[in-house]
Amino acid sequence: MAFDETRALSDETLLVLYGNGDGTAARALVERLGPLAYRLAVRMLGDRAEAEDLAQEALLRLWKIAPEWRTGEAKVSTWLYRVVTNLATDRLRRRRGVGLDEAPELPDGAASALEVMIETDRAQALELALAQLPARQRQAVVLRHLEGLTNPEIAVAMEIGVEAVESLTARGKRTLAQLLAPRRAELGYGHD
Amino acid sequence: MAMTDGREDDLDLERFFRAARAAAPEPSEAFLTRLAAQGLAEQARFAAPPVLRQAPKRRGLVATLVAAVGGWAALGGMAGGMATAMVAGLWIGLAGAPTLVQAVGLGSAVTAEADSYLPDADVLALAVTQ
């Protein structure tokens, strides 16, 4: 199968083809899902090297499950979001040693670092602020507002109810607003 | 910060989200190449044909039984041995019967009539050898 022919195929079809030994399907899946896994991992972990490691682990799980993939049961991307989210949760838990719904202590100098980042790069400012959120809130906010998933999709990815997703997202956004507020006006985000 | 109403916060945050979406972290080509290589390697592992193993030859019942006792050669030897054993057993059984009976203390139970029904051991031995 030529690579161009894969563009019209769904993720699931590609995964089935991959499971049947089609090498082109492997490359097509990497092109589609590799950036997704990596991007989400970076946003969850805030560390690019660790994100590569996590994305690779998530893709390896995809390769291994391919021969037994049950078609029509779940979207491949949603399955991958869930795997990345779970792997990130495990790493954050090991890294911090705190509960997933607890807000970690801000490291010394984090506030000033945040200000510097806000002045230089809005996106990085958000990334830094996201890193201050409890893990589950961060996951819900990232999936909803950066990855564009719907609340029911997030519920599947995080293996929680839709109401819990709404609650996590709302709390996460309140905290983000507090973290980003100090420099908001200077960056042109004031209430004018 | 004094929280303003939620709608204003949402609007502000959306600007940050938009900036973050536009600056989404992208993986390097080298990393994607490694991912693809890993995928192909994994695929080769599970797609490889199973190692062919010599299927055991099916044997008939007789051949199976023969094999169980060590093959035809062994069976040949066993057949000869069995014949010899049968003859020897017959001789011992007939010639030695009174002696054996006496040896286990049942001599008194063996009557004279019993003796009369047993052919002479020497005669039997002669018959066997012929």
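How many helices and how many strands does the secondary structure of chain B come to? In this predicted model, chain B comes to seven helices and zero strands, and its elements, read from the N terminus on, run α-α-α-α-α-α-α.

Let me begin with burial. Chain A has 192 residues, of which 41% count as buried, whereas for the 130 residues of chain B the figure is 8%. For chain A we also have a description of its contacts: taking those with a separation of 6 or more, 60% are accounted for by residues 24 or more positions apart.

Now to the contact between the chains. Chain B contributes 27 residues to it and chain A contributes 36 residues. On the side of chain B that touches chain A, the elements giving two or more residues are helix H1 (6–22) and helix H2 (29–47) of chain B, and of these H2(B) gives the most, with 11 residues. Sorted by class, that side of chain B has 17 nonpolar, three polar and seven charged residues.

I turn next to helix packing within chain A. As a reminder, two packed helices are described by the angle between their axes and the distance between the axes. The pair I would like to take up at the outset is helix H2 (residues 23–45) of chain A with helix H7 (residues 135–146) of chain A, whose axes come within 10 Å and cross at roughly 140°. That angle makes H2(A) oblique to H7(A), and the crossing of H2(A) and H7(A) is right-handed. On the H2(A) side the residues are Leu40(A), Arg43(A) and Met44(A), and they meet Arg138(A), Gln139(A), Val142(A) and Leu146(A) in H7(A). By class, this contact of H2(A) with H7(A) has four nonpolar, one polar and two charged residues.

The other pair is helix H8 (residues 151–158) of chain A with helix H9 (residues 162–180) of chain A, which pack with their axes 8 Å apart and at an angle of about 100°. H8(A) and H9(A) are therefore roughly perpendicular to each other. H8(A) brings Asn151(A), Pro152(A), Ile154(A), Ala155(A) and Met158(A) to the contact, while H9(A) brings Val162(A), Val165(A) and Glu166(A). The classes in this contact of H8(A) with H9(A) are six nonpolar, one polar and one charged.

What, then, lies in the loop between H8 and H9 of chain A? Glu159(A) is found there, and its backbone deserves a comment, since most residues other than glycine have a negative phi. Glu159(A), although not a glycine, has a positive phi of about 60°. Glu159(A) is exposed, because 10 other C-beta atoms lie within 10 Å.

Is Glu153(A) buried or partly exposed? Glu153(A) counts as partly exposed, because it has 19 C-beta neighbours inside 10 Å, and a residue would need 20 or more to be buried. Finally, Glu153(A) and Arg82(A) are 71 residues apart in sequence, and from C-alpha to C-alpha they are 9.8 Å apart in space.

Definitions and conventions
Residues numbered from 1 in each chain as written. Chains lettered and ligands numbered in written order. Predicted model: local features only at pLDDT ≥ 70, side-chain atom pairs only at ≥ 80, totals over all residues. Axes fitted to C-alpha atoms, helices over the stretch in contact; angles between N-to-C directions. Helix = DSSP H or I, 4+ residues; strand = E, 2+ residues; numbered from the N terminus. Parallel < 35°, antiparallel > 145°, perpendicular 65-115°, else oblique. Contact = placed C-beta atoms within 7 Å. Nonpolar A, V, L, I, M, F, W, Y, C, P; charged D, E, K, R; others polar. Buried ≥ 20, exposed ≤ 12 C-beta atoms within 10 Å, placed from the backbone. Left-handed = near helix turned anticlockwise from the far one by under 90°.
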